[in-house]
2 protein chains.
Amino acid sequence: MSFVTIERKILEKNDEIARQNRQLLQQHGIFSINLVSSPGAGKTTLLERTLEELGDSLRVRVVEGDVQTDFDARRIARYKVPVVQIVTHGACHLEAKLVQDALSSLPLADTDLLVIENVGNLVCPASFDLGEDLKVVLLSTTEGDDKPLKYPAMFRNAAVLVINKIDLLPYVNCDVAALRRHALEINPALRVFETSCTTRAGIPEWCAWLRAQAKRQP
Amino acid sequence: MSFVTIERKILEKNDEIARQNRQLLQQHGIFSINLVSSPGAGKTTLLERTLEELGDSLRVRVVEGDVQTDFDARRIARYKVPVVQIVTHGACHLEAKLVQDALSSLPLADTDLLVIENVGNLVCPASFDLGEDLKVVLLSTTEGDDKPLKYPAMFRNAAVLVINKIDLLPYVNCDVAALRRHALEINPALRVFETSCTTRAGIPEWCAWLRAQAKRQP
């Protein structure tokens, strides 16, 4: 049996559990996103600003994925939001089974939005469906405008791109117009937001979009 | 046959080829580093500043690893340095076999320093020995000071930590003392440099160290 066969079986098994997760979330009318990025692009901070902006307008639940530590779940728990930490102990991405287990410990009956924050990795999480409605890829301006071309799978598989840390633009070598162009070249259907978690620029627009998506669920 | 068995065999096979690479590089008296980081931490830019600073003092060869595109090899080729681009076409790390193939197209007879720039990924490349003398992990201040604790394997397996983009410290939420402390907690033997590729701070010290290492080769 070849490695490729094993890999295909792992992905097939993952996809089957992802389907079950998706069905469960849809039954509860929950809008769900899988938040992916490089380490340090600002996923957890964006989530903190999002929770502040949303206030009581959406009932949010969070699944935090990390290679190690429960730092992120502790940060989110301060916002009085139900959160489950998954520690992968070295694994480079979340899998549907881990999310399935996490969902069993979250109150789903009264939930509008589920945010799954993936492991910081711009490559591997692109291949693993978790059962979410869509992937949101976060890219910070400090990473440079060539990243969509260099890591195309993630931008191809995402529905939304959040360009974060726009407050740092005066200090870094990043052409946002080029970044947008490169990303749309890979995936013309991408919806793009620009945010700063320091100045809060773009956070209201991003949250308005989340609210609109959550309200569209049956 | 289980997935774990397959994975172990892949790593064993990789380690065998890495041993061959190491022997080849040692036979030529070449000092070699495997440069690893998140996407956008500044690996290629550090390499550009390094080549400028080293000038003719070391004969450098470069292997560029990317998921997609040959942008980085083109950037390095401007410095008139022999460079080979490896495109992994989706794979999240370099493997020893890919480096072995790349080495066969580089002039090794008159080489002091080989730099292998890995795929931007703070997780997967930690597990794959390429035959290098040591791993250098680059972490930018924009990624935050908690990363050594959240991605410990890379910091455990590296011999050197370069804290990059220190010019951005006034604008980002990063405590460098805490970053150092976290990194040394994971790996007390880490040698730490602080650099800015914009102001060139720390580049002379980093290059002096590279020169000293290269001169120590037989």
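User: In which helix do D101(B) and K97(B) both lie, four residues apart?

Analyst: This is a predicted model, in which local features need pLDDT of at least 70, side-chain atom pairs count only at pLDDT 80 or more, and totals for chains, interfaces and linings use all residues. Side-chain values use heavy atoms, with hydrogens and water left out; residues are numbered from 1 along each chain as its sequence is written, and chains are lettered from A and ligands numbered from 1 in the order in which they are written. Helices (H or I, at least four residues) and strands (E, at least two) are DSSP runs, numbered from the N terminus. D101(B) and K97(B) are separated by about one turn of their helix, which in chain B is α4 (residues 96-103).

User: How far apart are the closest N and O atoms of D101(B) and K97(B)?

Analyst: An α-helix has 3.6 residues a turn, so residues three or four places apart point the same way. A salt bridge is a side-chain nitrogen of Lys or Arg within 4 Å of a carboxyl oxygen of Asp or Glu. D101(B) and K97(B) form such a bridge, and the distance between the closest N and O atoms is 2.7 Å.

User: Which residue of chain A forms a salt bridge with D72(B)?

Analyst: D72(B) is buried, with a relative accessible area of 0%. The partner lies in helix α5 (residues 147-150) of chain A and D72(B) in helix α3 of chain B, so the pair joins two chains. With the closest N and O atoms 2.7 Å apart, the partner is K150(A).

User: How many salt bridges are found across the interface of chain B and chain A?

Analyst: The contact (heavy atoms within 4.5 Å) takes 34 residues from chain B and 34 residues from chain A. The area buried between them is about 2700 Å², of which carbon and sulfur atoms give 67%; buried area is the accessible area (1.4 Å probe) that two parts lose on being put together, summed over both. Over all chains, the whole structure has 32 salt bridges. Across this interface the number is four.

User: Why do the buried residues of α7(B) line one face of the helix?

Analyst: Helix α7 (residues 176-186) of chain B has V176(B), A178(B), L179(B), H182(B) and A183(B) buried. The arc is that of the directions from the helix axis to the C-beta atoms. The buried residues line one face because, seen down the axis of α7(B), they fall within an arc of 160°.

User: Which exposed residues does the face of α7(B) turned away from its buried side carry?

Analyst: The buried residues of α7(B) pack against β5 (134-140), α5, β6 (160-164) and β7 (191-194) of chain B. The face turned away from that buried side carries the exposed residues R181(B) and E185(B).

Technical notes
Buried < 20%, exposed > 50% of the residue type's maximum accessible area, 1.4 Å probe, protein only.
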